[in-house]
Amino acid sequence: MHLSKIVRAILVFAASSSALPTRSNDLSKTSVIEKLKAPPAGWIEDETANLDKDGTGVKLRIHLAQQDMGKFHDVAMRIATPGDELYGSHLEQHVINSMIAPKEESSDLVMEWLENAGLNNHAYLSPRSDSVIVEASIAQVEKLLSAEYNVFVRSDTGAIAVRTLEYSLPDAFKGHVDMVQPTTFFGLRQMRSTIKAVHPIEDNVEDILSPEAVTGCSGSTINPKCLSNLYNFASAANHTTGLIGIGGFLEEYPSKSDLSTFLRSYATFSNTAQTYTCTVVNGGSCPTNPGSPGIEANLDVQYARAITQFIPNVYYSTGGSPPIVGGGSNTNEPYLEFLDYLLGLSNSSLPNTISISYGDDEDTVPLDYADEVCNLFSQLGARGVSVLVASGDSGVGDTCTESGARQFQTSFPASCPWVTVVGGTTGNSPEGAWTDSGGGFSSVFGRPSYQNTAVSSWLSTDTTHSSVTSYFNSSGRAYPDVAAQATDFTIVAGGSAEGVDGTSCATPTFAGVIQLLNSDRIASGKAGLGFLNPWLYSTATSGLTDITKGKNTGCSGVISGAGFSAVSGWDPATGLGTPNYGSLLTISQST
């Protein structure tokens, strides 16, 4: 599609590439790359731990600096922008790799360093040649990095991490290496799902007797029938083409038995016999009959499956839980492993849409790590994948302090400009912002161009946030982008119905609607929507229902009046609004 235009863009891109710094042969001169005065808040060193540094292994990822990532981002944004001559011209991964590949000199330099350290036989290039992976003992890595690894414990959860507070690299690596992990990345908490609450389903007499404002929406309880009418996809054409993917982490496993029970009770399409496939990533697992099905996993699978009719669904069970003393692998936040796996797939195997209902606080993630993860998301978008992530369930924050200063908190990867962030609503007559829905402004990533008009308008015309302007970075990437229902979702877990709250409910809901649009495009011979945001903030805005009621909150006892109100237009509580499938379909078919 538009092949000649893509080739011209790449040729221009290559001609303007800038060279990396000239290599120095002296690898003996080193400098401290990062030094923490103390472990992050909530982590303490376990001085009683008996860590066998010779017998305990670590999988060290040395990421090589990629060339011209900014120029690639320009091309990726053009591919996602309606009206641009490159719109919809999604790229093959090998083309992307050629655009941003590290210089060969970079890997040679790292391998020479490892050979000098006697570790060249412990190292290999990653499949896309953007990292050197070293599998060695902690003692060997300590010597390599002039570091000291120790055992640290998270005081409130008991999570264990083997990390260092300081490490060094050769000065000659400047411009050649931009990330080494695991080193100083702790995180204030383990990566968590964005489910806020799980509670039993209780019949409320007033709910049963009250008239339904929206067909299928009885009282406050949400199920697929309610959503199909609320978001206008009840009469969607049947689709069998395309693929939706669900990101699974933290040893959360869905149950096919629970899915069958759920569909028999709540399916609105004739898809009660449909199921999903499970794919293992990074040492994950796909148990046939999980002893304790994951609430998060069941929620994601049940609602994605119910909404997407006969379209294939895949659950990616990604390994990587909090690091353990005896672990032999890099068990950082597993976005890197998950995204690397996806980018290694052929176009025919890639999902059109991905739903991710997991996240963590932005300030727990080192900048180099956050940059790399976000860059991988940008590549997925350029490949034609629509990525939707949950905004989080702490409103504008809980502790609301950073380096002793009061400040709203933001979530990652929601703060990445290359994903579509889904906030939460509640109620249906009308919908309003959910009080715990995450929203705000990144302290790391700047505001992307596609948001400028909408966010600038909110900043200049909204009067409800005037008392809290000092607590957020108004020039940062703003989120959420969109919203959907987030409270009182009925699911089946262990054979019984339960109610769930959280933006984990909103994300597979919105992702399911997007997959219906993607499948319609594919069936018509068009490319999928890919990275959504330039489309959402321009031609598709009229296909969303603006939410003007309610407010998200947070920072209890720390910042008075914290939060953002839902107002006319974009706002940091509900973004651009909730989906109207019929309207979005019309817009999609004309795009």
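Let me start with a definition: a crossing of two helices is right-handed if the near helix is turned clockwise from the far one by less than a right angle, and left-handed if anticlockwise. Hi everyone! What we have here is a predicted model, where local features need pLDDT of at least 70, side-chain atom pairs count only at pLDDT 80 or more, and totals for chains, interfaces and linings use all residues. Residues are numbered from 1 along each chain as its sequence is written, and side-chain values use heavy atoms, leaving out hydrogens and water.

So, how does α13 pass α15? The crossing is right-handed. Helices here are DSSP runs of H or I with at least four residues, strands are E runs of at least two, and both are numbered from the N terminus. Helix α13 covers residues 503-523 and α15 covers 581-589; they pack at an angle of about 35°, with axes 10 Å apart. Those axes are lines fitted to C-alpha atoms over the stretch in contact, and angles run from 0 to 180 degrees between N-to-C directions.

Contact means heavy atoms within 4.5 Å. On the α13 side we find Val513, Leu516, Leu517, Asp520 and Arg521, meeting Tyr581, Leu584, Leu585, Ser588 and Gln589 of α15.

Now some backbone details. Gln181 and Pro182 are joined by a cis peptide bond, omega near 5°, and Pro182 sits in the loop between β9 and β10. Another cis bond links Phe412 to Pro413, with omega about 10°; the loop between β20 and β21 holds Pro413.

Lastly, Ser146, in the loop between α5 and β6, has a positive phi near 50°. Thanks, everyone!
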